[in-house]
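My notes follow in the order I took them.

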Amino acid sequence: MTIFADEQSRINRYRGSALAPKKTEKFEANKMRSRRYSVSLYPNAPGQIFSVRSPPLCLEVAGREHTVQFDMGSCTCLEWDTFRSPCSHAMAVAKELDFS
C-alpha cells in the first residue's frame, strides 16, 4: 500500500505539466543553450530554412553551424529528427521567429 501511495504522490507532483520530468529538464537545457546561437535565414531557399551558428569555443576553434528546416521539423544535428523534441538549434530559430 505504501508503494502505491508513494507512486500516486509522485504522479500528482507532475500533474498539469505538459512534459515528463526528464523531457522538461532537456527542454529547459536546450532553451538555455539556444541563447548563445546566431540565426540567419537562407536567402532564396524554399520554406523556412535557417543557418544556426554557435559561438567559437576558443580563439583556435570555430563555432559549429547547423541547418534547421523549421517547417519540416528537421535539423542537421539530428536530435529533432530522432527524438521528435526540438533541439537547441530549433529553439534558437523559434526565438528568432518570436514563438513563445
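Entry 1, sheet. Before naming partners I need a rule: two strands pair if DSSP finds at least two bridges between them. I also keep in mind that this is a predicted model.

With that rule I looked up who faces whom, and found Val-39 opposite Val-52 in β2. β1 and β2 (residues 49-53) run antiparallel, and 4 bridges join them. Going on to the next pair, I counted 5 bridges between β2 and β3, again in the antiparallel sense.

Put together, I have an open sheet of 4 strands in the order β1-β2-β3-β4, with antiparallel pairing. Which strands stand at the edges? They are β1 (38-41) and β4 (74-75); each has a single partner strand, so one side of each is left without a neighbour in the sheet. I noted for myself that strands of a sheet pair through backbone hydrogen bonds, either parallel or antiparallel.

I also checked how covered β2 is: 4 of its 5 residues are buried, so I wrote it down as mostly covered.

I get 4 helices and 4 strands for the protein. Read from the N terminus, the elements go α-α-β-β-β-β-α-α. The protein has 100 residues, and 26% of them count as buried.

How many disulfides does the structure hold? I found 0. Cys-87 is in no disulfide either: the nearest cysteine sulfur, that of Cys-77, is 3.8 Å away.

Next I asked of Cys-87: buried or exposed? Its relative accessibility is 0%, so Cys-87 counts as buried. Cys-77 is partly exposed, with a relative accessible area of 27%.

I searched for aromatic pairs and the structure gave me 1. Phe-70 and Trp-80 make up the pair, and it is tilted, with 5.8 Å centre to centre and 50° between the planes.

What lines it? There are 13 lining residues, and the closest to the centre of the pocket are Tyr-37, Ser-54, Arg-64, His-66 and His-89. Sorted by class, the lining has 5 nonpolar, 5 polar and 3 charged residues.

Key. Residues numbered from 1 in each chain as written. Predicted model: local features only at pLDDT ≥ 70, side-chain atom pairs only at ≥ 80, totals over all residues. Heavy atoms only, no water. Disulfide = S-S within 2.5 Å. Buried < 20%, exposed > 50% of the residue type's maximum accessible area, 1.4 Å probe, protein only. 1 Å grid on protein atoms, 1.4 Å probe; cavity = no way out; pocket = protein on both sides within 12 Å on 5 of 7 lines; lining within 4 Å. Nonpolar A, V, L, I, M, F, W, Y, C, P; charged D, E, K, R; others polar. Helix = DSSP H or I, 4+ residues; strand = E, 2+ residues; numbered from the N terminus. Phe/Tyr/Trp six-rings, centres within 6.5 Å; stacked < 30°, edge-to-face > 60°.
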